[in-house]
Amino acid sequence: MPCLNVIIASTRPGRVGAQVADWFLPIARDHGGFDVTVVDLAQLELPFLDEPEPAFEGRYVHEHTKRWSVITDAADAFVFVMPEYNNGYSAPLKNAIDYLYEEWAYKPVAFVSYGMSSSGLRAVNMIKQVVTNLRMMPVSDPVSIPLRQALDADGRLVPTAHMDQAAKELLDELLRLSAPLSALRAGAAA
């Protein structure tokens with residue numbers, strides 16, 4: 001069964017990302033197509049990129065980078081649970097991506113985005129350029145959550161049937177891409 005890393009990309013106190021992940025994770029596990037692992041960037045605690053060599057060299061000197069490399073390399077697919085900040089994606093997510101290079105290659109990535117006015121779609125559009133450069137295959141349709149409508153008066157996420165359905169479709173597409181990309185990785189490694 002392919003391994004899916006669900007990466008919670010916000011690290012700020014009071015973030016909504018943990019709630020979004022708490023909603024998405026049971027759907028991902030019930031889907032049955034993946035062995036699901038949660039990676040919370042707030043717990044990973046990567047410092048601002050501090051490796052002396054470029055990531056494409058793969059010569060990591062710091063234990064935090066080596067640990068992150070193992071976690072990422074073990075995954076066959078990714079879902080980024082990501083906010084939109086100032087029309088872009090979060091700095092901790094970009095930092096985590098930039099630590100590595102080959103570990104991302106030929107793996108599908110999907111997005112569960114959230115935000116106020118655009119539901120995180122501007123951030124998704126921006127990060128697709130980054131992941132494509134790393135030879136990842138982005139799933140075209142993200143799950144996008146409009147926080148103005150999705151949060152109740154107490155700031156709790158209130159999922160809808162539409163969100164649940166979109167998540168299931170995203171996982172189906174991610175699974176469809178996982179097998180051929182796995183074969184491509186195996187061919188590239190040979």
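A contact here means heavy atoms within 4.5 Å. On that basis, residues 24 or more positions apart account for 81% of the contacts with a separation of 6 or more in this protein. The model is predicted: local features need pLDDT of at least 70, side-chain atom pairs count only at pLDDT 80 or more, and totals for chains, interfaces and linings use all residues. Residues are numbered from 1 along each chain as its sequence is written, and side-chain values use heavy atoms, with hydrogens and water left out.

**Fold and dimensions**

- The protein has seven helices and six strands, where helices (H or I, at least four residues) and strands (E, at least two) are DSSP runs numbered from the N terminus.
- Read from the N terminus, the order of elements is β-α-β-α-α-β-α-β-α-β-β-α-α.
- The radius of gyration is 16 Å, close to the 16 Å from the globule rule for 190 residues, so the protein is as compact as a globular protein of that length; the radius is taken over C-alpha atoms, and the rule is 2.2 Å times the number of residues to the power 0.38.
- The C-alpha trace spans about 50 × 35 × 25 Å along its principal axes.

**Burial and nonpolar cores**

- Of the 190 residues, 48% are buried (under 20% relative accessible area; exposed is over 50%, and partly exposed lies in between, with a 1.4 Å probe and protein chains only).
- The largest nonpolar core holds 33 residues, and those with the most contacts inside it are Leu4, Val20, Trp23, Phe24, Val79, Val112 and Ile145; such a core is a set of buried Ala, Val, Leu, Ile, Met, Phe, Trp, Tyr and Cys residues joined through side-chain atoms within 4.5 Å.
- Elements that each supply at least two residues of this core include strand S1 (3–8), helix H1 (17–31), strand S4 (108–115) and helix H7 (161–189), and H7 gives the most, with eight residues.
- Apart from this core lies another, of 28 residues, among them Ala9, Phe78, Tyr89 and Val124.
- Beyond its neighbours within four places in sequence, Val112 contacts Val20, Trp23, Phe24, Val79, Phe80, Val81, Met82, Val143 and Ile145.

**Backbone exceptions**

- Most residues other than glycine have a negative phi.
- Glu45, not a glycine, has a positive phi of about 55°; Glu45 is in the loop between helix H2 (41–44) and helix H3 (63–73) and is exposed, at 62% relative accessible area.
- Ser119 also has a positive phi, near 60°; Ser119 lies in the loop between S4 and helix H5 (121–133) and counts as buried, at 10% relative accessibility.
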